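Here are my notes on the model you sent. Please read them with the structure open.

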Amino acid sequence: MRRYLIALLVTGLALGGQTVRADEKADTAADEAKLKAVYLGTDGPSLVNFLSQRAKGEATREELQKLIEDLAKPDVAIRQKAAARLVAIGAPAIPFLRMAAREIDAPEVSAQAKSLLTALEEDPGALSIATIRLLGANRPEGSAEALLAFLPHAETDAVLEELRTVLTGVAREKGKPTKVMLDALSDKHALRRATAVQALCAGGIPEPRDIFRKLLNDPKPSVRLRAALALAGASDPKAVSTLVTLLPEVPMEQAKEVEAFLVEMAGELAPKVPLEEDSLARIKCRDAWAKWWLDTEGSGLLEEIKKRTLSED
């Protein structure tokens, strides 16, 4: 009977694995079809180039006008190349495509312009998400650079979330942070710094720790938050005190994230002061957690929690 149950379990796991692989293949095929429908390439260099162009988000009026004119050329290759470039440029191309869509004397150009407008306006982040997922699946050279460059230009929160997920997968090579990710920790854009910290620490390895500790003093609260969460999870006392000071400084959604972390750490000893929208209430909440941290001798508490925490083994 036991052998029968084990056989069923193994068969179920095997079938489950096949289902996951089938779903992944279907998703990849759907993403490729989405890009091909607007004449975008799905090979590695084309994916990287698309995000790089989107990151620039600019084109001269002369270039845009020339691309619209190319949509009317008899050569199919020229038309498709122009369409792909217009889609890659993104939002700046929309006013020109709207004008082309009203060309009643050029029905083919009008139809093509309408099709491209649908791709750009109906679901603004769809093409970006498809590109990002394909980059994550294939990891061509230049993926991390393209993802980081595009990061502040993500059209929606869904695009941003997908980008963070894929960036985590390319943040390290053979367990070590890549140079491009380490460079992003000192990028002038706060979103890149914060996302780089998040990606590098997603596997539970807060290294290089000395660089992350410097980010605890970053001028932007969002960066301090990501660095503090990463280091606090690795039993760093300074990181926990940083989280406490952030309670009244960060947006409410992020403050709740901090509170949830602290409550999980404190357990039954957690202060009974609720986190609320009111600024004075948030300061009161911060002060309560600061008192708890001092009263429990933070570093000792962290070591005790570390001892009681099950390892992966």
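1. A term comes before the pocket. Helices are DSSP runs of H or I with at least four residues, numbered from the N terminus. Lining residues are those with an atom within 4 Å of a pocket point. Keep in mind that this is a predicted model.

2. Which helix gives the most to the lining of the second largest pocket? That is α11, with five residues. Helices α9 (157-169), α11 (190-201), α13 (221-232) and α15 (252-266) each contribute at least two lining residues.

3. The volume of this second largest pocket is about 350 Å³. Its lining counts 15 residues. Nearest the centre lie Leu-160, Arg-164, Arg-226, Glu-253 and Gln-254. By class, the lining of the second largest pocket splits into six charged, five nonpolar and four polar residues.

4. Now the cysteines. The structure has zero disulfides. Cys-201 has 13% relative accessibility; the cut-off for buried is under 20%, so Cys-201 counts as buried. Cys-285 is buried too, at a relative accessible area of 0%.

5. Last, Val-180. This residue sits in helix α10, which spans residues 179-184. Is Val-180 buried, exposed or partly exposed? Val-180 is partly exposed, because its relative accessible area is 23%, and that class lies between the 20% and 50% cut-offs.

6. Which residues does Val-180 touch, leaving aside neighbours within four places in sequence? Val-180 is in contact with Ala-144, Glu-145 and Leu-148. Leu-148 is 32 residues from Val-180 along the chain, and their C-alpha atoms are 8.9 Å apart.

Technical notes. Residues numbered from 1 in each chain as written. Predicted model: local features only at pLDDT ≥ 70, side-chain atom pairs only at ≥ 80, totals over all residues. Heavy atoms only, no water. Disulfide = S-S within 2.5 Å. Buried < 20%, exposed > 50% of the residue type's maximum accessible area, 1.4 Å probe, protein only. 1 Å grid on protein atoms, 1.4 Å probe; cavity = no way out; pocket = protein on both sides within 12 Å on 5 of 7 lines; lining within 4 Å. Points joined across faces, edges and corners; volume = space filled by probe spheres on them. Nonpolar A, V, L, I, M, F, W, Y, C, P; charged D, E, K, R; others polar. Contact = heavy atoms within 4.5 Å.
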